[in-house]
Amino acid sequence: MKRENKEYYILKMDIKKFFYNIDHEILMNILIKYIKDKKLLAFTALMIFNDNEKIGIPIGNYTSQYFANIYLNELDQFIKHEFKIKYYVRYMDDFVLLVKDKETAKVVYDKIKLFLENKLKLSLNHKSRYYPSALGVNFCGYRIWSTHRLVRTRCKQKIKKKIKNWDKLNKEGKLDRKHIVLSFNSWLGHVKHANSYNLVKKIKRKLLL
């Protein structure tokens, strides 16, 4: 929603055990709609049905990531055409919607729940909910509001734990400084997308950087 509009609701939703509950028949029927090459379809069917299971795809495989996004494209299209919601974003099975009020949020929540159950044989995780925008949203490693973005508490705890371990290794003469630089730069690359100036300054002081 627009920043000046302070009265809106967030739906923060994710799917229960997503990869383990992808239905093979439903997935194959979705792929048939988009793939016309019969040889490619036959090869794809071999990958999907190779273990004689009816549900679930392995986590981590490149094909599983593609299949998962194709599977939930059905959800994307449903949300786009059913609700005409402008502010919708999904990262794999974790997704967020912004709507104008609590009543709209309840209607959208219930319809998405039914769509997932009836069309894709999936269910929402118990953590899925809707709430006022003033509370912000945890998404993709950040706590996000319309006015600013912070890193999660877990992210701050993680770097502090690393520093404590680095101090220990330094005292034992086992510190790999090259590893520290790489690890810190990786962390820095994440937090720089948030309002983290004071946090970075504090951590750099601890590291004497």
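How many residues line the largest pocket, and which of them lie nearest its centre? The structure examined here is a predicted model, in which local features need a pLDDT of at least 70, side-chain atom pairs count only at pLDDT 80 or more, and totals for chains, interfaces and linings use all residues. Residues are numbered from 1 along each chain as its sequence is written, and side-chain values use heavy atoms, with hydrogens and water left out.

The largest pocket is lined by 20 residues, and Leu98, Val137, Ile144, Trp145 and Ser146 lie nearest its centre. A pocket is an open set of points on a 1 Å grid over the protein atoms alone, where a 1.4 Å probe fits, with protein on both sides within 12 Å along at least five of seven lines; lining residues have an atom within 4 Å of a point. The volume of this pocket is about 420 Å³, meaning the space filled by probe spheres set on the points, which are joined across faces, edges and corners. Its lining divides into 13 nonpolar, five polar and two charged residues; Asp, Glu, Lys and Arg count as charged, Ala, Val, Leu, Ile, Met, Phe, Trp, Tyr, Cys and Pro as nonpolar, and the others, Gly among them, as polar. At least two lining residues come from each of strand 2 (88–91), strand 3 (94–99) and strand 5 (137–139), and strand 3 gives the most, with three. Strands (E, at least two residues) and helices (H or I, at least four) are DSSP runs numbered from the N terminus.

Helix 4 shows a clear division between its sides. Ala105, Val108, Tyr109, Ile112, Phe115 and Leu116 are buried in this helix, where buried means under 20% relative accessible area, exposed over 50% and partly exposed in between (1.4 Å probe, protein chains only). An α-helix has 3.6 residues a turn, so residues three or four places apart point the same way. The buried residues pack against strand 1 (9–14), helix 3 (62–83), strand 3 and strand 4 (129–132), with contact taken as heavy atoms within 4.5 Å. On the face turned away from the buried side sit the exposed residues Glu103 and Asn118.

Two loop residues complete the picture. Lys17, in the loop between strand 1 and helix 1 (24–34), has a positive phi of about 45 degrees although it is not a glycine, and counts as exposed at 58% relative accessibility.

Cys140, in the loop between strand 5 and strand 6 (142–144), has a phi near 55 degrees and is partly exposed, with a relative accessible area of 37%.

Definitions and conventions
The arc is that of the directions from the helix axis to the C-beta atoms.
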